[in-house]
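I opened my notebook to look at two places in this structure. Here is what I looked up, in order.

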Amino acid sequence: MTDLCDKDGANRLAAKIQDFWRKRGFDVVVEMKDEGFVSTMRSARTDLRSNMINGMPTKFAGAEAS
């Protein structure tokens, strides 16, 4: 099992999420945010933030912003 909370894992997961939605015609932006050392995890953590709402994309690819 791979660690999706370190930088490399988070980067791979972000790319998979963006690719998944791009193939379905949606433009999703996923950014990584370093959270540093987390004592309960006993390691550093990298979180993902996106422009999705409730796990769903907010706009189609190529859609103009109003």
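**Entry 1: the rings.** I noted that this is a predicted model. I looked for aromatic pairs and the count came to 2. Phe20 and Trp21 form an aromatic pair, with 5.0 Å from centre to centre. Their planes stand at 85°, so I logged the pair as edge-to-face, for which the angle must be over 60 degrees. I then found that Trp21 also pairs with Phe26. Here the centres are 5.6 Å apart and the planes are at 85°, again edge-to-face. I wrote down Phe20, Trp21 and Phe26 as one aromatic cluster.

**Entry 2: cover on the rings.** Is Trp21 buried or exposed? I read a relative accessible area of 14% for Trp21, so Trp21 is buried, the limit being under 20%. Phe20 came out at 37% relative accessibility, which means partly exposed. I also checked what lies over the face of Phe20. Arg24 does, at 3.6 Å from the ring centre.

**Entry 3: Asp47.** I moved on to strand 2, residues 43–50, where Asp47 lies. Asp47 has 14% relative accessibility, so I put Asp47 down as buried. Which residue does the side chain of Asp47 meet in a polar contact of 2.7 Å? I found the side chain of Arg45 there. Leaving out residues up to four places away in sequence, I listed what Asp47 touches: Glu31, Met32, Lys33 and Glu35.

Definitions and conventions:
Residues numbered from 1 in each chain as written. Predicted model: local features only at pLDDT ≥ 70, side-chain atom pairs only at ≥ 80, totals over all residues. Heavy atoms only, no water. Phe/Tyr/Trp six-rings, centres within 6.5 Å; stacked < 30°, edge-to-face > 60°. Buried < 20%, exposed > 50% of the residue type's maximum accessible area, 1.4 Å probe, protein only. Lys NZ or Arg CZ within 6 Å of the ring centre and 35° of its normal. Helix = DSSP H or I, 4+ residues; strand = E, 2+ residues; numbered from the N terminus. Polar contact = N/O pair within 3.5 Å; in protein donor to acceptor, adjacent residues only side chain to side chain. Contact = heavy atoms within 4.5 Å.
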